[in-house]
Amino acid sequence: MERHVVVVVQPPCGGGRRVCVDGHDAGRARRPADVAELLRRAGVDPERMTDAATVEWRGGGPQSWR
């Protein structure tokens with residue numbers, strides 16, 4: 001059974017977005033590919049990046065970076 005992971009992508013700030021996985025800072029992303037890599041490193045399937053049950057995009061979706 002797959003565990004439920006909570007991913008929060010914070011609003012754009014300073015040219016990037018802070019990504020938190022299960023309440024822990026996973027790093028800063030500057031584009032969607034960076035978010036996918038941070039998810040992969042945290043053991044989350046990057047294909048789930050647009051799954052609202054897994055990833056909460058604050059301040060705009062994956063297209064918002066400013």
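Is Arg-40 buried, exposed or partly exposed? Arg-40 is partly exposed, with a relative accessible area of 48%; buried means under 20%, exposed over 50% and partly exposed in between, using a 1.4 Å probe and protein chains only. The close-ups below come from a predicted model, in which local features need pLDDT of at least 70 and side-chain atom pairs count only at pLDDT 80 or more, while totals for chains, interfaces and linings use all residues. Residues are numbered from 1 along each chain as its sequence is written, and side-chain values use heavy atoms, with hydrogens and water left out.

**View 1. The buried side of helix α1.** Helix α1 spans residues 32-41, and Val-35, Ala-36, Leu-38 and Leu-39 are buried in it. These four cover an arc of only 165 degrees around the axis, so they sit on the same side of α1; the arc is taken from the directions from the helix axis to the C-beta atoms. Their cover includes β1 (7-9), β2, β3 and β4 (55-57), where contact means heavy atoms within 4.5 Å. Helices (H or I, at least four residues) and strands (E, at least two) are DSSP runs, numbered from the N terminus. Ala-33 also lies in α1, but it counts as partly exposed at 46% relative accessibility. After the helix comes Gly-43, with a positive phi near 85 degrees.

View 2. Side chains of opposite charge can pair when their charged atoms come close. A salt bridge here is a side-chain nitrogen of Lys or Arg within 4 Å of a carboxyl oxygen of Asp or Glu, and the count comes to six. One of them joins Glu-37 to Arg-40, with the closest N and O atoms 2.5 Å apart. Because they are three residues apart in α1, Glu-37 and Arg-40 are separated by about one helical turn. Together with Arg-41, the two are linked in a network of salt bridges. Arg-31 pairs with Asp-34 at 3.3 Å, and Asp-34 is partly exposed at 22%.

**View 3. Thr-54 and its surroundings.** Look in the loop between α1 and β4 to find Thr-54, which is buried at 4% relative accessibility. Its side chain meets that of Arg-48 in a polar contact of 2.6 Å. Such a contact is a pair of N or O atoms within 3.5 Å; within protein, one must be able to donate a hydrogen and the other to accept it, and residues adjacent in sequence count only if both atoms are side-chain atoms. Arg-48 also forms a salt bridge with Asp-51 (3.6 Å, N to O).

**View 4. Arg-17 without a salt bridge.** This residue of strand β2 is buried, yet the nearest side chain of opposite charge to Arg-17, Glu-56, is 9.4 Å away. Lys and Arg count as positive and Asp and Glu as negative, with His and the chain ends not counted. Polar atoms of the Arg-17 side chain lie 2.8 Å from the backbone oxygen of Gln-10 and 2.5 Å from that of Arg-58.

View 5. Trp-57 and Trp-65 are edge-to-face, 6.4 Å centre to centre with 85 degrees between the planes, and both are buried. Rings of Phe, Tyr and Trp (its six-membered ring) pair if their centres lie within 6.5 Å; planes under 30 degrees apart count as stacked, over 60 as edge-to-face and the rest as tilted.
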